[in-house]
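Open the model in your viewer and keep the selection tool at hand. The tour below moves from stop to stop.

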Amino acid sequence: MKNNSKYTDLEAALRIDCEKCSGLCCVALYCMKTDGFPDNKQAGVPCKHLRADFCCDIHGQLAKKKMRGCLAYDCFGAGQKVSQSSYANENWKTNPEKANEIFQVFMIVFQLHQMAWYLLEASSLVTDKRISAEIEALIAENNQMTALAPAEILQIDLTNYQTGVNQVLKKVSNQLAADSFDKSERKDYFGKNFKRANLNGRNFSMALMIAANLEGCSLTGTNFLGADLRDANIKNTDLRGSVFLTQMQINAARGNAKTKLPSNLCRPGSWD
């Protein structure tokens, strides 16, 4: 994602800050041990490792314990948004009667923040003024919705908004693909060995790329919108020119010290 001074505050708001959250992901989410979480857990039930101060008592051991689900998860800043803004003076623990409401608001804001992340990236890629105006309108609407009171957030027509976002992202993806040599609609690359291949401009949006080998590949303009990169090998790979990557995708992949990331993404501590 290119730096966009117009949206500096929003970009910052989409980065997680667990110290300002009331442990929402550790309570609100449904988790399965087979997906790399400590145990099977129903939504609304606190993880057994969540401390009273909302910190994880095994956070420093997640990589050693192979808690890949915990390591990969990223809420796009929804946790601190809901904890600090939507419920500034209360949380699910101090007000258990509101717990379900808080969790529902968190899940809605999470989806809005995720869409905002993609819209920000799209705004830096698009050249068509009409599409750019559509993106600006959707970002403005997103900001307005996440600033609403909890009761109003619960009334948001998320499906309708998501449809608008998907339409504009498709337009941007099609625009990028128009300049690409590859217009393949293939979506299954499970375990595919692309090592050192030239994948510039390839469209991997919504593709299954679990355990795919992307080591040393050329990925300028490569579209990873919604691609499943769990256990994908991105060691010794330069992803700085790739588009529509998220922190969750990077967290789920396997990189090393020579992996180069876009400026809006952080190197996972588990790679060390």
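Is Ile 153 buried or exposed? With 0% relative accessibility, Ile 153 counts as buried, where buried means under 20% relative accessible area, exposed over 50% and partly exposed in between (1.4 Å probe, protein chains only).

Before going further, note that this is a predicted model, in which local features need pLDDT of at least 70 and side-chain atom pairs count only at pLDDT 80 or more, while totals for chains, interfaces and linings use all residues. Residues are numbered from 1 along each chain as its sequence is written, and side-chain values use heavy atoms, with hydrogens and water left out.

**Stop 1: around Ile 153.** Select helix α7, residues 150-153, which contains Ile 153. Helices here are DSSP runs (H or I, at least four residues), numbered from the N terminus. Leaving aside residues up to four places away in sequence, Ile 153 touches Ser 86, Val 105, Ile 108, Val 109, Met 145, Thr 146 and Leu 148; contact means heavy atoms within 4.5 Å.

**Stop 2: helix α4.** Next select residues 78-86, helix α4. Its buried residues are Ala 78, Gly 79, Gln 80, Val 82, Ser 83 and Ser 86. The cover over these buried residues includes α1 (8-13), α5 and α7.

**Stop 3: α4 against α5.** Axes are lines fitted to C-alpha atoms, for helices over the stretch in contact, and angles run from 0 to 180 degrees between N-to-C directions. The two helices are therefore oblique to each other; under 35 degrees counts as roughly parallel, over 145 as roughly antiparallel, 65 to 115 as roughly perpendicular and the rest as oblique.

To see the contact, show Ala 78, Gly 79, Lys 81, Val 82 and Ser 86 of α4, which meet Ile 102, Val 105, Phe 106, Val 109, Phe 110 and His 113 of α5. By class, this contact has seven nonpolar, three polar and one charged residues. Ala, Val, Leu, Ile, Met, Phe, Trp, Tyr, Cys and Pro count as nonpolar, Asp, Glu, Lys and Arg as charged, and the others, Gly among them, as polar.

**Stop 4: cysteines.** Finally, select Cys 70 and Cys 47: the sulfur of Cys 70 has its closest cysteine sulfur in Cys 47, 6.3 Å away and too far for a bond. The structure holds zero disulfides, a disulfide being a pair of cysteine sulfur atoms within 2.5 Å.
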